[in-house]
Amino acid sequence: MIDARGQIRELLESIGHDRLKVKMSYPKSIGDVPLITFIQIANTSTGMHSVVDNLGFQIDIWATTLDECIDIMLMVDEKMVDLGFNRDYESPDDDGDNVDASGYCRKTLRYSSKVDTRTNRLIS
């Protein structure tokens, strides 16, 4: 089992966007946005002699406008793909009015990859 949470956090914190925060929990107040939250959704063995695991993360982008969500989403996607992850899912824009029940605009992305547990390198 590989714990990549620290590396993913550092990668997301390197995104250059004004006032952007990175946490592993949903926003509690409007002062928390713009915000990226992330959780690990998969860390399982593939059965290949215990040397290859499946790794998956869900990343949510929270902002006050859809345009800001999309701007941050594009930066997140570039970082994750450059690292070696594949994007498996992107939530719909909902005709430009994708507002979560909390009142925030939210975009959800899911990424996955296989990882060589001997070297900690992602395998495409």
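**First stop: the cysteines**

Select Cys69, which is buried because its relative accessible area is 0%; buried means under 20% relative accessible area, exposed over 50% and partly exposed in between, with a 1.4 Å probe and protein chains only. The model is a predicted one, in which local features need pLDDT of at least 70 and side-chain atom pairs count only at pLDDT 80 or more, while totals for chains, interfaces and linings use all residues. Residues are numbered from 1 along each chain as its sequence is written, and side-chain values use heavy atoms, with hydrogens and water left out.

How many disulfides does a search of the whole structure find? The search finds 0, a disulfide being a pair of cysteine sulfur atoms within 2.5 Å. Cys69 is accordingly in no disulfide, and the nearest cysteine sulfur, that of Cys105, is 5.3 Å away. Cys105 counts as buried because its relative accessibility is 5%.

**Confidence**

Colour the chain by pLDDT, the predictor's confidence in each residue, from 0 to 100. The protein chain averages 87, and 90% of the residues score at least 70. Where pLDDT is low, the predicted coordinates should not be read in detail. Next, select strand S4 (residues 86-90), where confidence is highest, at a mean of 96, and then strand S6 (residues 121-123), where it is lowest, at 86. Helices (H or I, at least four residues) and strands (E, at least two) are DSSP runs, numbered from the N terminus.

**The nonpolar core**

Select Ile8, Leu12, Ile36, Ile59, Ile61, Val76 and Met80. Of the 24 residues in the largest nonpolar core, these touch the most other members. A nonpolar core is a set of buried Ala, Val, Leu, Ile, Met, Phe, Trp, Tyr and Cys residues joined through side-chain atoms within 4.5 Å. Two or more residues each come from helix H1 (5-13), strand S2 (35-45), strand S3 (52-63), helix H2 (66-83) and S5. Which element gives the most to this core? H2 does, with 6 residues. In soluble globular proteins, nonpolar side chains tend to be buried together.

Now centre the view on Ile61. Beyond its neighbours within four places in sequence, Ile61 is in contact with Leu35, Ile36, Cys69, Ile72, Met73, Val76, Cys105, Arg106, Lys107 and Leu109, where contact means heavy atoms within 4.5 Å.

Is Arg106 buried or exposed? Arg106 counts as buried because its relative accessibility is 18%. Its side chain makes a polar contact with the side chain of Asp60, at 3.1 Å. A polar contact is a pair of N or O atoms within 3.5 Å; within protein, one must be able to donate a hydrogen and the other to accept it, and residues adjacent in sequence count only if both atoms are side-chain atoms.

Move to Ser91, in the loop between S4 and S5. Ser91 counts as buried because its relative accessibility is 9%. The C-alpha atoms of Ser91 and Arg110 are separated by 9.2 Å, although these residues are 19 apart along the chain.

**Aromatic pairs**

The model holds 2 aromatic pairs. Rings of Phe, Tyr and Trp (its six-membered ring) pair if their centres lie within 6.5 Å; planes under 30 degrees apart count as stacked, over 60 as edge-to-face and the rest as tilted.

- Select Phe57 and Phe85, an edge-to-face pair at 6.0 Å centre to centre, with 80° between the planes. Phe57 is in strand S3 and Phe85 in the loop between H2 and S4, 28 residues apart. Both Phe57 and Phe85 are buried.
- Select Trp62 and Tyr104, an edge-to-face pair at 6.0 Å centre to centre, with 85° between the planes. Trp62 lies in strand S3 and Tyr104 in the loop between S4 and S5, so the pair ties together parts that are 42 residues apart in sequence.

**Backbone stops**

Select Val33 and Pro34, which a cis peptide bond joins, with omega about 5°. Pro34 lies in the loop between strand S1 (21-23) and S2. Finish at Arg19, in the loop between H1 and S1. Arg19 has a positive phi of about 65° although it is not a glycine, and Arg19 counts as exposed because its relative accessibility is 53%.
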